[in-house]
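Hi everyone, thanks for coming.

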Amino acid sequence: FGYAAKVREVEVIREIGAGKKAYVALNLEDIALKGADDIRVRDGDLIRVPTQSGRHIERQIVEGINAIFRGVGVQGRMN
């Protein structure tokens, strides 16, 4: 998963025959941290993990600010 993954909105899409599909919504955060029910992934399942575009931009801004501060040396005055 990337930084912008919406782990609370993962979707498993499964063929159930006759051209029909079943959709199962999963909150991976609840599964990992709270022991919520999980499902066994099967061969042929499609797992869709949406992204939150705002989080990607947020991360770029924070990384840019960090880069600026890493480039600025702070010198203490010696008495």
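Let me start with one side chain: that of D45 reaches the backbone nitrogen of R42 at 2.8 Å. Please keep in mind that we are looking at a predicted model.

So where is D45? You'll find D45 in the loop between α1, residues 28–34, and β3, residues 46–48. Is D45 buried or exposed? With a relative accessible area of 16%, D45 is buried, because the cut-off for that class is under 20%.

The side chains of D45 and R14 are joined by a polar contact of 2.7 Å. That pair also counts as a salt bridge, with the closest N and O atoms 2.7 Å apart. R14 sits in strand β1, residues 10–17, and D45 in the loop between α1 and β3, so the pair ties together parts that are 31 residues apart in sequence. Both D45 and R14 are buried. If we set aside neighbours within four places in sequence, the contacts of D45 are V12, I13, R14 and R40.

Now let's zoom out. The chain has 79 residues, and 13% of them count as buried. Among contacts with a separation of 6 or more, 53% are between residues 24 or more positions apart.

Another links the side chains of D30 and K34, at 3.5 Å from N to O. These two residues both lie in helix α1, 4 residues apart, about one turn of the helix. D30 is partly exposed, with a relative accessible area of 22%, whereas K34 counts as exposed at 66%.

Finally, the surface. The accessible surface of the chain is about 6,900 Å², and 52% of that belongs to carbon and sulfur atoms. I61, I65, I68 and F69 make a nonpolar surface patch of about 430 Å². Of these, take I68: this isoleucine lies in helix α2, residues 53–71, and counts as exposed at 55% relative accessibility.

That's my tour; I'm happy to take questions.

Definitions and conventions
Residues are numbered from 1 along each chain as its sequence is written. This is a predicted model: local features need pLDDT of at least 70, side-chain atom pairs count only at pLDDT 80 or more; totals for chains, interfaces and linings use all residues. Side-chain values use heavy atoms; hydrogens and water are left out. Buried means under 20% relative accessible area, exposed over 50%, partly exposed in between (1.4 Å probe, protein chains only). Contact means heavy atoms within 4.5 Å. Accessible areas come from the Shrake-Rupley method with a 1.4 Å probe; for residues, only the protein chains shown count as cover. Patches are made of residues with over 30% relative accessible area and no salt bridge: like charges are joined within 9 Å, nonpolar side chains (Val, Leu, Ile, Met, Phe, Trp, Tyr) within 5 Å. A salt bridge is a side-chain nitrogen of Lys or Arg within 4 Å of a carboxyl oxygen of Asp or Glu. A polar contact is a pair of N or O atoms within 3.5 Å; within protein, one must be able to donate a hydrogen and the other to accept it, and residues adjacent in sequence count only if both atoms are side-chain atoms.
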